[in-house]
Amino acid sequence: MTANLNLLIGLAMGLNLLALGSNRLPSLIRTMSLQGVVLGVMPLLMEEFNWRVGLIAVATMAGKGLIIPTLLRRAMRAANIERELDPFIGFVPSLLLGAAGTIGAVALARALPLLPEHAGSLLVPGALASVLTGFILLIGRAKAIAQVCGYLILENGIYLFGLLLIHSTPLLVEAGVLLDLTVGVFVIGIIVDRIQRAFDSLDTRKLTVLRE
Amino acid sequence: MNVALEFVIRIAWWLLLAPLLPGIINRIKAWVAGRRGPPVFQLYYDLARLWQKNVVMSTLASPGFVAGPAVGWVALAGAVLLVPLGPLGTALSFRGDMLLMLYLLALARFCTTWAAMETGSAFEGMGAAREVSYAVLAETALVAAMLSLSVQTGSVTLTTMLAPTAGAGAVLLAAGLFTVLLAENCRVPFDDPNTHLELTMIHEAMVLDHSGPPLAVILHGASLKLLLFAVLLTEAVLPMGALSPFAATGALLLGVLTVTVCVGFVESFLARFAFRRVPLLLTTAVLLCVFALLVAWKGGAT
């Protein structure tokens with residue numbers, strides 16, 4: 001049970017590093033959506049099966065694995081941008097940073113005073129590592145869509161933290177978070193299109209100066 | 001007498017079997033591409049043909065031009081003698097032989113690059129520079145992989161190190177070592193063994209000026225290295241110690257064959273990477289091996 005869960009979290013951590021190493025937008029989006037699906041399976045492993053858990057799992061998988069990536073791909077196609085990511089932080093340095101962050105997260109989680117039932121699981125280190133990966137992507141990539149992917153991976157980390165409280169979170173909160181996320185990505189898809197039309201580029205470096 | 005005979009039989013096995021692997025890889029590639037392809041024993045014919053040819057020596061080259069390949073080949077042959085063959089054990093085993101194996105591999109590489117630079121050709125210097133700069137990362141990954149095996153089994157002897165129980169890090173180690181195998185043997189995502197465009201070659205660019213028996217020795221050494229890495233990968237990942245001797249031998253053979261076929265498929269389905277992408281892949285291999293090391297160190301719980 002815990003072993004299976006840890007395997008999935010390990011997979012998610014591996015996908016974090018893959019996201020840091022991928023140099024094209026489609027592969028970054030694919031990695032992120034795969035991570036969403038992996039996270040969606042987790043509640044099924046953690047809980048006795050009932051309609052509530054099943055609903056959370058299906059909604060998460062559909063939202064993160066299908067709807068959000070589709071929205072992002074559509075935004076990418078509509079904006080008609082080149083697929084190469086140009087990084088502020090190079091791929092090798094960001095990979096090394098991510099790996100150091102993962103190791104640091106594992107070490108930190110050992111030092112934290114966790115509940116006994118969470119001590120053996122990778123939930124907390126996985127959550128910390130995903131949040132760190134999201135930050136690195138947010139800081140280190142110039143394209144707006146890549147930054148959205150970083151934001152979503154960061155959210156995946158927060159979702160992992162949320163799994164610790166799966167017994168006490170009402171369904172409504174989970175559903176609300178997922179809905180917010182989907183609407184957020186929907187809005188970002190529209191904004192990306194607008195940015196592309198106004199500036200002929202999605203490079204966020206060009207959005208730092210105010211003009212008339 | 002018996003010991004000497006066993007020794008000779010062992011090394012003969014290694015030396016005779018090694019040129020089969022590139023043949024199998026080429027066969028797989030031809031099969032995927034729908035061609036007939038060269039015979040499996042093509043490298044044996046090539047080696048026999050090269051062995052009968054004369055050597056063309058540059059007037060500039062020092063004796064190192066011939067000595068390099070020779071010493072490199074002897075180093076590789078020494079390295080394969082140290083690698084245990086599953087239940088058959090090894091001809092030579094002592095405490096710390098893993099270090100000797102790593103250094104012999106490094107010596108072989110040094111000798112190839114040294115011989116490559118003997119004629120002063122710019123292409124060969126470029127190939128040598130590339131080979132060495134990739135090796136910086138590939139060797140780090142290999143050392144990390146060896147360390148993780150060593151930590152897992154608490155030993156620095158190859159015979160005990162390579163009989164691990166399949167730990168949690170086995171998958172990481174397999175992925176890392178397979179990437180190292182591809183890089184060290186100049187296989188497709190890193191280098192294309194079939195290419196003959198000097199600007200993009202690595203290993204092939206280093207042997208441009210060699211001919212006759214030295215070239216044969218280099219080619220045979222390369223195939224020996226491929227076999228060595230395939231055996232190493234199989235034994236590092238499969239829990240050989242738990243099987244009966246007969247089954248373990250079968251598993252070893254099957255594992256080496258699987259690795260070879262995998263290399264063939266990788267070569268068929270992947271294009272070689274651009275040079276600036278290569279360090280990223282090698283860094284990934286290093287990280288995989290380092291994570292395997294951490295998993296072995298901190299136990300299965302992490």
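This is a predicted model: local features need pLDDT of at least 70, side-chain atom pairs count only at pLDDT 80 or more; totals for chains, interfaces and linings use all residues.
**A buried lysine, a helix pair and a nonpolar core**

Residues are numbered from 1 along each chain as its sequence is written, and chains are lettered from A and ligands numbered from 1 in the order in which they are written.

With 24 other C-beta atoms within 10 Å, A:Lys143 is buried (20 or more other C-beta atoms within 10 Å; exposed is 12 or fewer, partly exposed in between, with C-beta atoms placed from the backbone). Setting aside neighbours within four places in sequence, A:Lys143 is in contact with A:Leu25, A:Leu85, A:Leu202 and A:Asp203, a contact being two C-beta atoms, placed from the backbone, within 7 Å. From A:Lys143 to A:Leu178 it is 35 residues in sequence and 24 Å in space, C-alpha to C-alpha.

A:Leu25 also turns up in the packing of α2 against α7, among the α2 residues that make the contact. In chain A, α2 (residues 25–46) and α7 (residues 144–163) pack at about 10°, with axes 10 Å apart; axes are lines fitted to C-alpha atoms, for helices over the stretch in contact, and angles run from 0 to 180 degrees between N-to-C directions. The two helices are therefore roughly parallel (under 35 degrees; over 145 is roughly antiparallel, 65 to 115 roughly perpendicular, the rest oblique). On the α7 side, the contact residues include A:Ile145, A:Cys149 and A:Tyr159. By class, the contact comes to 16 nonpolar, three polar and no charged residues (nonpolar: Ala, Val, Leu, Ile, Met, Phe, Trp, Tyr, Cys and Pro; charged: Asp, Glu, Lys and Arg; polar: the others, Gly among them).

Between the chains, eight residues of B touch ten of A. Chain B's side of this contact has five nonpolar, three polar and no charged residues.

The largest nonpolar core holds 139 residues, and B:Ala141, B:Ala145, B:Leu233 and B:Cys289 have the most contacts inside it. Such a core is a set of buried Ala, Val, Leu, Ile, Met, Phe, Trp, Tyr and Cys residues joined through C-beta atoms within 7 Å. Helix α10 (residues 212–237) of chain B gives the largest share, 17 residues. Beyond four places in sequence, the contacts of B:Cys289 include B:Ala141, B:Ala145 and B:Leu173.

Methods:
Helices (H or I, at least four residues) and strands (E, at least two) are DSSP runs, numbered from the N terminus.
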